[in-house]
Amino acid sequence: MKGKLYLVPTPIGNLKDMTYRAVEVLKDVDLIYAEDTRTSGKLLKHFEINTQMYSHHMHNEHKTVDGIVKRIENGENIALISDAGTPAISDPGFLLTRACVEAGIEVDCLPGATAFVPALVNSGFPNDKFVFEGFLPVKKGRQTRLQLLAEETRTIIFYESPHKLLKTLAQFIEYFGADRQISVSRELTKLHEETVRGTAEEVLKHFENKPPKGEIVVVVSGKK
């Protein structure tokens with residue numbers, strides 16, 4: 001009989017957000033594939049999970065997918081985790097999931113931590129319809145993407161790194177307008193969690209005076 005692929009979310013900061021089911025699955029599977037075994041090793045140690053772990057990250061996922069699929073086809077149950085949050089959301093996981101689906105392998109994605117959901121909900125912007133953009137293109141295609149998104153009427157969600165946030169906010173002013181409403185959440189679930197809301201211009205000034213740190217989710221109101 002074929003095994004199963006489990007996609008297991010891990011906490012984005014606060015270890016108390018790990019679910020009982022996630023711990024149970026990670027203890028029961030035959031193998032765990034992790035984005036960074038050093039980072040995930042700390043998590044597994046905390047929850048006394050002794051399952052063997054291998055690497056599966058953006059630099060090797062094209063090479064490892066076939067081998068993982070063969071293991072599952074041979075009857076092994078395998079879990080995939082990323083450094084934080086739900087696998088395949090701006091993290092490795094899509095290629096493996098697609099390969100398993102195409103091979104007729106059962107895929108079970110557990111519910112759990114994902115950074116953009118609390119950032120969207122606490123932004124105060126409409127969330128009945130929204131667009132998740134993840135990370136903007138670094139160079140090629142960035143300008144074109146921003147031009148298209150300037151006309152988007154739904155709430156837009158981005159991930160951004162702290163050292164690029166000021167540049168991105170300045171571009172939002174350029175393409176979306178200085179008065180476009182923005183909510184920036186950083187360090188979600190952690191000790192120094194912060195959400196800054198205001199116009200694009202106001203939010204940019206805030207972070208010019210207080211350089212951002214930590215993981216960042218930017219939520220932008222749609223065009224009215």
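This is a predicted model: local features need pLDDT of at least 70, side-chain atom pairs count only at pLDDT 80 or more; totals for chains, interfaces and linings use all residues.
Local features are reported only at pLDDT of at least 70 and side-chain atom pairs only at pLDDT 80 or more, whereas totals for chains, interfaces and linings use all residues. Residues are numbered from 1 along each chain as its sequence is written, and side-chain values use heavy atoms, with hydrogens and water left out.

**View 1. The parallel sheet.** Five strands make an open sheet with parallel pairing, in the order S3-S2-S4-S1-S5. Strands (E, at least two residues) and helices (H or I, at least four) are DSSP runs, numbered from the N terminus; two strands pair if DSSP finds at least two bridges between them. Strand S3 (53-55) and strand S5 (106-109) are the edges; each has a single partner strand, so one side of each lacks a neighbour in the sheet. On average, neighbouring strands are turned by 25° against each other, direction ignored. Strand S1 (residues 4-7) and strand S4 (residues 78-81) run parallel and are joined by three bridges. Leu5 stands opposite Ile78 in S4.

**View 2. Helices H3 and H4.** Two packed helices are described by the angle between their axes and the distance between the axes. Axes are lines fitted to C-alpha atoms, for helices over the stretch in contact, and angles run from 0 to 180 degrees between N-to-C directions. The axes of helix H3 (residues 61-73) and helix H4 (residues 94-102) come within 9 Å and cross at roughly 40°. From H3, the residues Glu61, His62, Val65, Ile68, Val69 and Ile72 meet Leu95, Leu96, Ala99 and Cys100 of H4. These contact residues divide into eight nonpolar, one polar and one charged. Contact means heavy atoms within 4.5 Å. Ala, Val, Leu, Ile, Met, Phe, Trp, Tyr, Cys and Pro count as nonpolar, Asp, Glu, Lys and Arg as charged, and the others, Gly among them, as polar.

**View 3. Around Thr64.** Thr64 lies in helix H3. Leaving aside residues up to four places away in sequence, Thr64 touches Ser55 and His56. The side chains of Thr64 and His56 are joined by a polar contact of 2.8 Å. A polar contact is a pair of N or O atoms within 3.5 Å; within protein, one must be able to donate a hydrogen and the other to accept it, and residues adjacent in sequence count only if both atoms are side-chain atoms.

**View 4. The mixed sheet.** A five-stranded open sheet has the order S6-S7-S10-S8-S9, with mixed pairing. Strand S6 (130-134) and strand S9 (194-199) stand at its edges with a single partner strand each, so one side of each is without a neighbour in the sheet. The twist from one strand to the next averages 15°. Strand S7 (residues 155-160) pairs with strand S10 (residues 216-220) in the antiparallel sense over five bridges.

**View 5. Helix H8 on two strands.** Helix H8 (residues 200-209) lies across strand S8 (181-186) and S9, and runs at about 135° to S9.
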